[in-house]
Amino acid sequence: MPATVYVLNGPNLNLLGLREPHIYGHDTLDDIAGLLEDRARELDLTIDMRQSNHEGHLIDWLHEAQAYEAKAVLLNAGGFTHSSIAIHDAIKSVTTPVIEVHLSNPHAREPFRHESFIGRAAKGTIAGFGAHSYLLALEAAARF
């Protein structure tokens, strides 16, 4: 049975394709899911992709990934990246490797986006490559 990689998406990512496409691109979350599922099959992995605008859901899913022995978690925490000590602590509390993912490059944007509580706890960060950031993160996860 293929190993599972959780792909967790935070607030406002349900609006991808509509929200500020000049920053985030025109791909929707469903488009990204399709790309990931295709590549995951090639890597003998399965994807469990989820999105929530609620911090607690992301934390519960990180715990669930640990409980179900997921191979890795790809986490685009959206705005929680810059504000959530709780998600930071949840990442630190699990042994499942977490890869922080961003469509845009936060360091090329507003100064408040330069701080990442998620990145301080994650195994690594991939940012700035649009939807391809998720594929690069999946490639990295396949190597764990």
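Colleague: Is tyrosine 24 buried or exposed?

Modeller: In this predicted model, tyrosine 24 counts as buried, because its relative accessibility is 10% and the cut-off for buried is under 20%.

Colleague: Where is tyrosine 24 placed?

Modeller: Tyrosine 24 belongs to helix H1, which covers residues 21–24.

Colleague: What is tyrosine 24 in contact with, leaving aside neighbours within four places in sequence?

Modeller: The contacts of tyrosine 24, with those neighbours left aside, are Leu16, Arg19, Leu103, Ser104, Arg109 and Arg113.

Colleague: Which residues does the UniProt annotation "active site" cover?

Modeller: According to the unreviewed UniProt entry, the "active site" annotation covers Tyr24 and His102. These residues span 79 residues in sequence, but their C-alpha atoms are not more than 9.1 Å apart, so they gather at one spot. Both Tyr24 and His102 are found in the lining of the largest pocket.

Colleague: And histidine 102, is that buried or exposed?

Modeller: Histidine 102 is buried, at a relative accessible area of 7%. Its place is in strand E4, residues 98–102.

Colleague: What does histidine 102 touch, not counting residues up to four places away in sequence?

Modeller: On that basis, histidine 102 touches Asn76, Thr81, Thr125, Ile126, Ala127, Gly128, Phe129 and Ser133.

Colleague: Where is aspartate 89 found?

Modeller: Aspartate 89 is found in helix H4. With a relative accessible area of 42%, aspartate 89 is partly exposed.

Colleague: How about arginine 113: buried or exposed?

Modeller: Arginine 113 counts as buried, at 15% relative accessibility. Arginine 113 sits in the loop between E4 and helix H5 (117–121). Leaving aside neighbours within four places in sequence, arginine 113 is in contact with Tyr24, His82 and Pro106.

Colleague: A change of topic, to the helices. At what angle do H3 and H4 pack?

Modeller: Helix H3 (residues 55–67) and helix H4 (residues 85–93) pack at an angle of about 5°, and their axes are 9 Å apart. H3 is therefore roughly parallel to H4. On the H3 side, the contact is made by Glu55, Leu58, Ile59, Leu62 and His63, and on the H4 side by Ala86, Ile87, Ala90, Ile91 and Ser93.

Colleague: Which residues of helix H6 are buried?

Modeller: Helix H6 covers residues 132–142, and its buried residues are Ser133, Tyr134, Leu135, Ala137, Leu138 and Ala141. Those buried residues pack against strands E1 (3–9), E2 (45–51), E3 (72–76), E4 and E5 (124–127), as well as helix H2 (29–42).

Colleague: Which side chain makes a polar contact with the side chain of tyrosine 134?

Modeller: The side chain of asparagine 9 makes that polar contact, at 2.5 Å. Asparagine 9 lies in strand E1 and is buried, with a relative accessible area of 0%. Not counting residues up to four places away in sequence, asparagine 9 touches Leu29, Met49, Arg50, Gln51, Ser52, Leu58, Asn76 and Tyr134.

Colleague: And asparagine 14, where does that lie?

Modeller: Asparagine 14 lies in the loop between E1 and H1, and at 41% relative accessibility it counts as partly exposed.

Colleague: What contacts does asparagine 14 have, leaving aside neighbours within four places in sequence?

Modeller: Asparagine 14 is in contact with Gln51 and Asn53, those neighbours aside. The side chains of asparagine 14 and glutamine 51 make a polar contact of 3.4 Å. The C-alpha atoms of asparagine 14 and glutamine 51 are separated by 6.8 Å, although the two are 37 residues apart along the chain.

Key
Residues are numbered from 1 along each chain as its sequence is written. This is a predicted model: local features need pLDDT of at least 70, side-chain atom pairs count only at pLDDT 80 or more; totals for chains, interfaces and linings use all residues. Side-chain values use heavy atoms; hydrogens and water are left out. UniProt positions are given in the numbering used here, feature names are shortened, and annotations may be inferred rather than shown by experiment. On a 1 Å grid over the protein atoms alone, a cavity is a set of points where a 1.4 Å probe fits but cannot get out, and a pocket is an open set with protein on both sides within 12 Å along at least five of seven lines; lining residues have an atom within 4 Å of a point. Helices (H or I, at least four residues) and strands (E, at least two) are DSSP runs, numbered from the N terminus. Buried means under 20% relative accessible area, exposed over 50%, partly exposed in between (1.4 Å probe, protein chains only). Contact means heavy atoms within 4.5 Å. A polar contact is a pair of N or O atoms within 3.5 Å; within protein, one must be able to donate a hydrogen and the other to accept it, and residues adjacent in sequence count only if both atoms are side-chain atoms. Axes are lines fitted to C-alpha atoms, for helices over the stretch in contact, and angles run from 0 to 180 degrees between N-to-C directions. Angles under 35 degrees count as roughly parallel, over 145 as roughly antiparallel, 65 to 115 as roughly perpendicular and the rest as oblique.
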